[in-house]
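Please look over the sequence and the structure shown below before reading the briefing that follows. The points after it are grouped by topic.

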Number of protein chains: 2
Amino acid sequence: MEELRGKKVLITGGLGFIGSNLARALVELGAEVLLVDSLIPDYGGNLLNIQDIRERVRINIADIRDKHSMDWLVQGQDYIFNLAGQVSHLDSMQDPYTDLEINCRSQLSLLEACRHHNPEVKIVYASTRQIYGIPDYLPVDEKHLLHPTDVNGINKMAGEWYHILYHNVYGLRTASLRLTNTYGPRQLMKHNRQGFIGWFIRLAIDGQEIQIYGDGKQKRDLNYVDDVVQAFLLAAVREEANGQVFNLGGPEPVNLIEIALLLKEICPACSYKLVPFPNDIKRIDIGDYYADYKKIKNTLGWEPTIAPRQGLERTVDYYQQYKEYYWS
Amino acid sequence: MEELRGKKVLITGGLGFIGSNLARALVELGAEVLLVDSLIPDYGGNLLNIQDIRERVRINIADIRDKHSMDWLVQGQDYIFNLAGQVSHLDSMQDPYTDLEINCRSQLSLLEACRHHNPEVKIVYASTRQIYGIPDYLPVDEKHLLHPTDVNGINKMAGEWYHILYHNVYGLRTASLRLTNTYGPRQLMKHNRQGFIGWFIRLAIDGQEIQIYGDGKQKRDLNYVDDVVQAFLLAAVREEANGQVFNLGGPEPVNLIEIALLLKEICPACSYKLVPFPNDIKRIDIGDYYADYKKIKNTLGWEPTIAPRQGLERTVDYYQQYKEYYWS
């Protein structure tokens, strides 16, 4: 990672969950970090996420939909970590157009900006396992068909393919990581529309009842955010990643009840209960999912290192300390 | 097809190539046909395409991007054949935003309109083999991964998946046909940015030299438009098609030199020549492609019936008669 020292790095969605953790790692590595974020209230951006490194990064408040600003901001960057997105599956069904503008149009315009104004830049895109939809087989590898179950999955699929296309056609150095359930410090905890894991952790810390939909046996793979940050850094510095898509994946699949039980060990005051699926969630649910991450392991040497128990403990510790920044 | 008699049918892109041929078949079957088209000059809409059935159809000039008009026009329809699209691969690279607006946003808004104002309607969507990109194997079946080589392919992929999603989540009765090289009467012949086949036919009729890119051995499957119309009608009336995607495919793969030789037999004054690929075309070219169409054959009983020789003769006959309507 030495080659990141002194390099100019832009992170879109840089005040968000993964963006801010990535910023911290990049600052430690000696990079010149510019964080671009729109701070849309219900999304993940939060200035408190970077409170401890505020003097060591530059912040530019701008929306990735703001084409002219982005045209300017990409210039001179050595690396772009492209993490800005609408990430709520439910919101994408309520308002498919906003999801389209952010996850499709803005991706196109970012790539056009780089093609015209900074063709040498390396771009790493945050894609998602949501693009696979309900798995045909497990674990899911990159040869699995894409058949997403919600608008967000479709638009992220297009967003990812624009990145690959701009590599294949224009020679831009792009790579895409298909993230699974990422968790850890600095995640949005204000509402439960960005996935279950943050919400479960919040309820556990507050000693409340965790409601699990269905039979609770849905398998997932969890990635602690530090592992995910490591994958982004590797994809950035390694040329073998160019034009490639990679699954990330967790150390071992766990089901939702197992996650609740782990949280109960850490926060004994909480409890859990199985409840029926709400209809709007059931109809876009993907059932069991866990990834085969052999491709990134073999190509870049990445693998997850932090077990769910350990990661959940660290996460609970963090929020117990900084709860006031995240709960409302 | 008897059940189409007296039914209300809307065709988006209804003045275009496939739309106008479909309109003719539907009028014969006794349907009440409404043609919606924007008549964008460089696209395929042409009022002369429906000159002979003009008194038997209704025409509404509107752009599929015009959400409010579409909200109103979908109401009361029994069937929607959704053919409006930006179809030029080259144009999608020059202006990715227009392609996005037409092939993604407008598809979403049409589906939202149907969900809210006409949830009983049956929709058949015109997708494209372009979404497969460069084939991993031949013939390409519907299990083949989608990895498009141009912006149009990515956006059409998203457009198709919105249709499937609205079936899976909201119960809309939708089906998608992945068209291959369709040719025949009423195709756009003004320029060569909508695929090679119409352009080859035009050059043949004018006794000019057909320029073939590369070694001319690229395989394609050709579908005569009457066969394609038949597939649309079957997908519309058959409930087994709901929520499904189907490849169409030609009677036999032919390479570009073979197509040129067939045209030379029909129009002896023409000739052909191999020339190097222009760079903007080479970088989005898909190489050999032909489809496996077993799924639609087994499910709906469709198969192509018109051989290239026969189809090309009919097409040349048509344009020799109506050339003045199409050449400029």
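Is B:Leu177 buried or exposed, and how many other C-beta atoms lie within 10 Å? B:Leu177 is buried, with 27 other C-beta atoms within 10 Å, where a residue counts as buried if 20 or more other C-beta atoms lie within 10 Å of its own, as exposed if 12 or fewer do, and as partly exposed in between, the C-beta atoms being placed from the backbone. This is a predicted model, in which local features need pLDDT of at least 70 and side-chain atom pairs count only at pLDDT 80 or more, while totals for chains, interfaces and linings use all residues. Residues are numbered from 1 along each chain as its sequence is written, and chains are lettered from A and ligands numbered from 1 in the order in which they are written.

**Surroundings of B:Leu177**

- B:Leu177 belongs to strand β6 (residues 173-179) of chain B, with strands (E, at least two residues) and helices (H or I, at least four) taken as DSSP runs and numbered from the N terminus.
- When its neighbours within four places in sequence are left aside, B:Leu177 is in contact with B:Val124, B:Ala126, B:Ser127, B:Ala231, B:Phe232, B:Ala235, B:Phe246 and B:Leu248, a contact being a pair of residues whose C-beta atoms, placed from the backbone, lie within 7 Å.
- Between B:Leu177 and B:Asp317 there are 140 residues in sequence and 28 Å in space, taken from C-alpha to C-alpha.

**Helix α7 of chain B**

- Helix α7 (residues 225-237) of chain B has 13 residues, which at 1.5 Å a residue should span 18 Å, and the 19 Å between its end C-alpha atoms agrees with this; the expected span is 1.5 Å times one less than the number of residues.
- α7(B) is mostly covered, since 11 of its 13 residues are buried, among them B:Val228, B:Ala231, B:Phe232 and B:Ala235.

**The sheet of chain A and the helices across it**

- Chain A has an open sheet of seven strands in the order β3-β2-β1-β4-β5-β6-β11, with parallel pairing, two strands being paired if DSSP finds at least two bridges between them.
- The edge strands are β3 and β11 (244-247) of chain A, each of which pairs on one side only, and the twist averages 20 degrees from one strand to the next.
- Within this chain, four bridges join β1 (residues 8-12) to β4 (residues 79-82) of chain A, and the two strands run parallel, with A:Val9 standing opposite A:Tyr79 in β4(A).
- α5(A) lies across β5, β6 (173-179) and β11 of chain A and runs at about 155 degrees to β6(A), the axes being lines fitted to C-alpha atoms, for helices over the stretch in contact, and the angles running from 0 to 180 degrees between N-to-C directions.
- Helix α7 (residues 225-237) of chain A lies across β4, β5, β6 and β11 of chain A, at about 160 degrees to β6(A).

**Relation and contact of the two chains**

- The contact takes 24 residues from chain A and 24 residues from chain B; on the side of chain A that touches chain B, the elements giving two or more residues are α4 (96-117) and α5 of chain A, and α5(A) gives the most, with 10 residues.
- By class, that side of chain A has 17 nonpolar, three polar and four charged residues, with Ala, Val, Leu, Ile, Met, Phe, Trp, Tyr, Cys and Pro counted as nonpolar, Asp, Glu, Lys and Arg as charged, and the others, Gly among them, as polar.
- Of the interface residues of chain A, 100% are also interface residues in chain B, so the copies meet through the same surface.

**Backbone features in the loops**

- Most residues other than glycine have a negative phi, and most peptide bonds are trans.
- The peptide bond from A:Leu138 to A:Pro139 is cis, with omega near -15 degrees, and A:Pro139 is found in the loop between β5 (122-128) and α5 (151-170) of chain A.
- In chain B, the peptide bond from B:Leu138 to B:Pro139 is cis, with omega near -10 degrees.
- A:Leu39, in the loop between β2 (32-37) and β3 (57-61) of chain A, has a positive phi near 50 degrees and is partly exposed, with 15 other C-beta atoms within 10 Å.

Note on methods. Contact = placed C-beta atoms within 7 Å.
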